[in-house]
Amino acid sequence: MPTDGAADDGAADDGAADDGGAGRREERERGRERALGRRERDILALERRGFPGPGAKERAIREELGLSPVRYYQLLNALLDDTRALAHDPVTVNRLRRIRETRRAER
């Protein structure tokens, strides 16, 4: 009987190890899905900054991100609907969402 119990324990351990490995793999994949890319984080960081005068922000967009201002704002608008962005920087995302909604309501 101890042999049977040992065999059962061994089989259960093998199955648990496989499940644990698969579970960790899925967790890592979900973590990657949740994490923002470098460019997305840089866009949010740029939005947190203040700019001294007209044209300074557009210049920073071109120089620091290598994007045209039009493309930058397209990416930013999509980012505002991304739950990962909200989790990364809720203050900035919520502020920008409020601004966007106010502008939409004015149209």
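Reader: Among contacts in the chain between residues at least 6 apart in sequence, what share join residues at least 24 apart?
Author: In this predicted model, the share is 47%.

Reader: And how many helices and strands are there in the chain?
Author: The chain has six helices and zero strands. Read along the sequence, its pattern is α-α-α-α-α-α.

Reader: What percentage of the residues is buried?
Author: Of the 107 residues in the chain, 23% are buried. The chain exposes about 7800 Å², and 49% of that area is supplied by carbon and sulfur atoms.

Reader: Let us turn to the largest nonpolar core. Which residues touch the most other members?
Author: Ile43 and Tyr72 do, in a core of 16 residues. At least two residues of this core come from each of helix 2 (38–48), helix 3 (56–65), helix 4 and helix 6.

Reader: Which helix gives the most to this core?
Author: Helix 4 does, with five residues. As general background, nonpolar side chains tend to be buried together in soluble globular proteins.

Reader: What is Ile43 in contact with, leaving aside its neighbours within four places in sequence?
Author: Ile43 is in contact with Leu65, Tyr72, Leu75, Leu76 and Leu79.

Reader: A change of topic: how much space lies in the largest pocket?
Author: The largest pocket holds about 330 Å³ of space. Its lining consists of 13 residues, and those nearest the centre of the pocket are Tyr73, Leu76, Leu96, Ile99 and Arg103.

Reader: How does the lining of the largest pocket divide by class?
Author: Five of the lining residues are nonpolar, one is polar and seven are charged.

Reader: What does Thr92 touch, not counting residues up to four places away in sequence?
Author: Thr92 touches Leu44, Glu47 and Arg48.

Reader: And what separates the C-alpha atoms of Thr92 and Leu80?
Author: A distance of 9.3 Å separates them, with the two residues 12 apart along the chain.

Methods:
Residues numbered from 1 in each chain as written. Predicted model: local features only at pLDDT ≥ 70, side-chain atom pairs only at ≥ 80, totals over all residues. Heavy atoms only, no water. Helix = DSSP H or I, 4+ residues; strand = E, 2+ residues; numbered from the N terminus. Buried < 20%, exposed > 50% of the residue type's maximum accessible area, 1.4 Å probe, protein only. Contact = heavy atoms within 4.5 Å. Areas by Shrake-Rupley, 256 points an atom, 1.4 Å probe, with all protein chains shown as cover. 1 Å grid on protein atoms, 1.4 Å probe; cavity = no way out; pocket = protein on both sides within 12 Å on 5 of 7 lines; lining within 4 Å. Points joined across faces, edges and corners; volume = space filled by probe spheres on them. Nonpolar A, V, L, I, M, F, W, Y, C, P; charged D, E, K, R; others polar. Core = buried A, V, L, I, M, F, W, Y, C linked by side-chain atoms within 4.5 Å.
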